[in-house]
Amino acid sequence: MRVSEGSRRIHERALRRKGNEVSMKTRIVGTGSCLPETVVTNDDLSKIMDTSDEWISSRTGIKARHLAKEETTASMSIKAAKRAIENAGVAVEEIDLIILGTVSADYVTPSCACEVQAAIGAVNAVAFDINAACSGFMFALNISNAYIQAGLCKTALILGAETLSKVVDWGDRSTCVLFGDGAGAAVVRGDEKYGLLAFDQGSDGTKAEVLACPGRTNNNPLIQTDQRLKFVHMDGQEVYKFAVTTVPASLQKTIQAAGLTPEEIDYFALHQANIRILQSVSKRLHIPEDKFPVSLDHCGNISAASVPILLDEMNRRGLLKTGMKVALSGFGGGLTWASAVIEW
Ligand code: ACO
């Protein structure tokens, strides 16, 4: 087999690192986020469609969301990235990996991660996007951990970013009221003391149809395309059942693998889909709701961006202290899910 010079160098670097192994944990050392300027409340929506603040907030906990006008997935990602890098206090040249989770990148190619790389000047980074829907940031965290553990990277920038307002069906009131736009980012690097303690990750492609967005406009004259198929459609009750069974089980498994009990976790920073899902998980784990911070009230559901935006809000409010145990979980389209326990 022919091995490229680049692959050979990466492989040798990994082997050298294995030889003089230092046990490193993957640690989040900085966070950042960006929300679009325009805030749209439930009352604003009730003026343009048949809905009400009462219907939306009582079923979901969502009161408002930020929607992009001028902003793009890349422009929000770039702002979030700069804020995370500043918060981490690292030089941009130190970043050697950028992974961005999204289902709403501005282009098919180039990737949004490459747009971020160019804009921030991360000249030494390998950059790529991943699609794991609402689990995208968590999958990016796990991949960056694998790179760090293999010695392939030292400092990674991981992001979740979405402009869901361009992929939801504004004619379907049962879905469009749920989503928002925004970007969140974190800088991660190896640390001898603190960081990732355990991880769980899964996918179930057989349930793809319960939450899907089939595609983009096709102007192939040989076929007829149903234009509605361009947009997100969801079986809300099936998604709910999936979330309230899979998420507590995944969290329990991860917390146990970290050698902890749910009571020892200081915060549960979960994907912000719906307040009822958060309440159900808290009940199933017998953990008080005040350990489940919430951003969905003012952000709505921002898919891959919701966990890093929540983390950044917690970080900037001073909630996260060194050594605290934080459980994270993302879940959504695919279906996909991922949980982690970190020592902050
Ligand atoms: N305003 C007013 N009425 C509405 C609206 C709206 N925005 N949307 C739907 N309705 C009506 C429906 O037409 C229906 O009326 P009908 O009974 O006369 O036919 C009625 O409200 C009930 O509709 P359902 O879809 O059955 O509403 P449900 O009670 O299931 O609530 C919800 C919908 C909130 C989405 C719920 O299914 C849920 O919590 N799902 C969890 C999944 C989730 O949050 N997904 C988000 C994205 S996925 C993710 O991030 C993992």
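How many Å separate the centres of domain 1 and domain 2, taken over C-alpha atoms? Here are some notes as you look through the model, which is a predicted one.

1. **The two domains.** The answer to the opening question is 14 Å, with the centres taken over C-alpha atoms. The domain assignment places domain 1 at 25–193 and domain 2 at 197–343.

2. **How the domains meet.** On the domain 1 side, 50 residues are in contact with 48 residues of domain 2. About 3,700 Å² is buried between domain 1 and domain 2, and carbon and sulfur atoms give 61% of that area.

3. **A residue to check by eye.** A133 is not a glycine, yet has a positive phi of about 45 degrees. You will find A133 in the loop between strand 5 (126–130) and helix 6 (136–149).

4. **Helix 4 and helix 5.** Next, a helix pair. Helix 4 covers residues 73–88 and helix 5 covers residues 112–120; their axes come within 9 Å and cross at roughly 55 degrees. Helix 4 is therefore oblique to helix 5. The crossing of these two helices, helix 4 and helix 5, is right-handed. Helix 4 brings T73, A74, S77, I78, A81, K82 and I85 to the contact, while helix 5 brings C112, E115, V116, A119 and I120. Sorted by class, the residues where helix 4 meets helix 5 are 8 nonpolar, 2 polar and 2 charged.

5. T109 and P110 are joined by a cis peptide bond, with omega about 5 degrees. P110 sits in the loop between strand 4 (97–101) and helix 5.

6. **Helix 8 and helix 9.** Here is another pair to view. The axes of helix 8 (residues 236–257) and helix 9 (residues 275–285) cross at roughly 40 degrees and come within 9 Å. That angle is why helix 8 counts as oblique to helix 9. The crossing in which helix 8 passes helix 9 is right-handed. From helix 8, the residues involved are Y240, A243, V244, T245, V247, P248, L251 and Q252; they meet R276, I277, S280, V281, R284 and L285 of helix 9. The class count for the contact of helix 8 with helix 9 is 9 nonpolar, 3 polar and 2 charged residues.

7. Which two residues are joined by a cis peptide bond with omega of about -5 degrees? They are G334 and L335. L335 belongs to the loop between strand 12 (325–332) and strand 13 (336–343).

Conventions: Residues numbered from 1 in each chain as written. Predicted model: local features only at pLDDT ≥ 70, side-chain atom pairs only at ≥ 80, totals over all residues. Heavy atoms only, no water. Axes fitted to C-alpha atoms, helices over the stretch in contact; angles between N-to-C directions. Helix = DSSP H or I, 4+ residues; strand = E, 2+ residues; numbered from the N terminus. Parallel < 35°, antiparallel > 145°, perpendicular 65-115°, else oblique. Left-handed = near helix turned anticlockwise from the far one by under 90°. Contact = heavy atoms within 4.5 Å. Nonpolar A, V, L, I, M, F, W, Y, C, P; charged D, E, K, R; others polar. Domains from an automatic or database assignment. Buried area = accessible area lost by both parts, 1.4 Å probe.
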